[in-house]
Amino acid sequence: TFRGALLEYILHPEEHPSVVLRTTPHTVLIRDAFPKATVHLLLLPRSPAHYVLHPHDAFEDAEFLATMRAEAEVARGLAAKELERRVGAWSETNRKREEAKGRGVEEGVSGRDYGREVRVGVHAHPSMAHLHVHVVSRDMHSEKMKHRKHYNSFNTPFFVPLADYPLAENDVRRKTGFQNANLGKELVCWRCGEGFGNRFAELKRHLEGEFEKWRAE
Ligand code: 5GP
Ligand code: ZN
């Protein structure tokens with residue numbers, strides 16, 4: 001992968017039907033090629049004036065920010081539906097049980113709001129050159145989640161929720177040095193808060209158990 005790889009999806013979305021989920025006049029919604037969680041999408045703005053900017057600068061534009069927030073909420077809804085399909089094994093069991101009692105539960109009426117399990121935001125210092133908003137389920141359960149920096153980039157203040165923009169002028173997340181400070185931090189389970197130091201393999205095993213508990217919530 002190279003730093004400019006996302007531009008291709010913005011310029012020629014129709015040539016990547018397996019990656020592109022949705023296009024609007026303002027954005028292209030794609031699947032992350034190396035998903036760090038069960039559902040991991042990227043929302044790319046199509047405006048050339050904005051897609052070359054660092055997120056901290058791009059989201060200073062209030063109108064642009066409002067558009068991206070609105071499109072991100074649609075993306076969250078799509079991600080939530082997909083998440084329910086992917087992790088709803090428990091719901092499926094539950095549905096069968098309810099049906100056996102003659103009650104019947106309609107699909108998608110599990111009562112769980114999967115949109116709340118989807119996070120929307122950017123990395124304080126992105127590696128890819130073109131502006132992208134992560135739309136990602138919170139589980140961090142993925143074979144592509146292979147390094148401490150992968151995990152910490154979504155589970156420390158290095159992950160900046162879109163809702164936090166525009167950042168204040170003195171916001172620490174604007175500072176250089178913020179990157180290393182967060183990506184090298186000790187590992188902490190997103191669900192129970194248990195610390196794992198730098199023991200990534202142990203965290204991965206722990207996340208297997210957390211994934212099963214989370215999907216059964
Ligand atoms: P960043 O750290 O820059 O916020 O995240 C960039 C994201 O882009 C990563 O999650 C990475 O997996 C994803 N990515 C990198 N190259 C490609 C690519 O060629 N295609 C797609 N669909 N995603 C990519
Ligand atoms: Zn835990």
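## What counts as a cavity

A cavity is a set of grid points where a 1.4 Å probe fits but cannot get out, whereas a pocket is an open set, and a residue lines either one if it has an atom within 4 Å of a point. Rolling a probe the size of a water molecule over the atoms shows where empty space is left. The structure discussed here is a predicted model.

How many cavities of 30 Å³ or more does a search of the whole structure find? The search finds one, and the volume of this largest cavity is about 40 Å³.

The residues that line the largest cavity are Met140, His141, Ser142, Lys204, Leu207 and Glu208. Sorted by class, this lining is made up of two nonpolar, two polar and two charged residues.

## The largest pocket

Two or more lining residues come from each of strand 2, helix 6 (148-155) and helix 7 (178-183), and helix 6 gives the largest share, with four residues.

When the lining of the largest pocket is divided by class, 12 of its residues are nonpolar, nine are polar and seven are charged.

## The ligand in the pocket

Tyr9 places a polar side-chain atom 2.9 Å from a nitrogen atom of ligand 1, while a polar backbone atom of Ala33 is 3.2 Å from a nitrogen atom of the ligand. For Met128, a backbone N or O atom lies 2.9 Å from an oxygen atom of ligand 1. These pairs count as polar contacts because a polar contact is a pair of N or O atoms within 3.5 Å. On its own, ligand 1 has 530 Å² of accessible area, and the protein covers 89% of that area.

Technical notes. Residues are numbered from 1 along each chain as its sequence is written. Chains are lettered from A and ligands numbered from 1 in the order in which they are written. This is a predicted model: local features need pLDDT of at least 70, side-chain atom pairs count only at pLDDT 80 or more; totals for chains, interfaces and linings use all residues. Side-chain values use heavy atoms; hydrogens and water are left out. A polar contact is a pair of N or O atoms within 3.5 Å; within protein, one must be able to donate a hydrogen and the other to accept it, and residues adjacent in sequence count only if both atoms are side-chain atoms. Accessible areas come from the Shrake-Rupley method with a 1.4 Å probe; for residues, only the protein chains shown count as cover. Ala, Val, Leu, Ile, Met, Phe, Trp, Tyr, Cys and Pro count as nonpolar, Asp, Glu, Lys and Arg as charged, and the others, Gly among them, as polar. On a 1 Å grid over the protein atoms alone, a cavity is a set of points where a 1.4 Å probe fits but cannot get out, and a pocket is an open set with protein on both sides within 12 Å along at least five of seven lines; lining residues have an atom within 4 Å of a point. Grid points are joined across faces, edges and corners, and a volume is the space filled by probe spheres set on the points.
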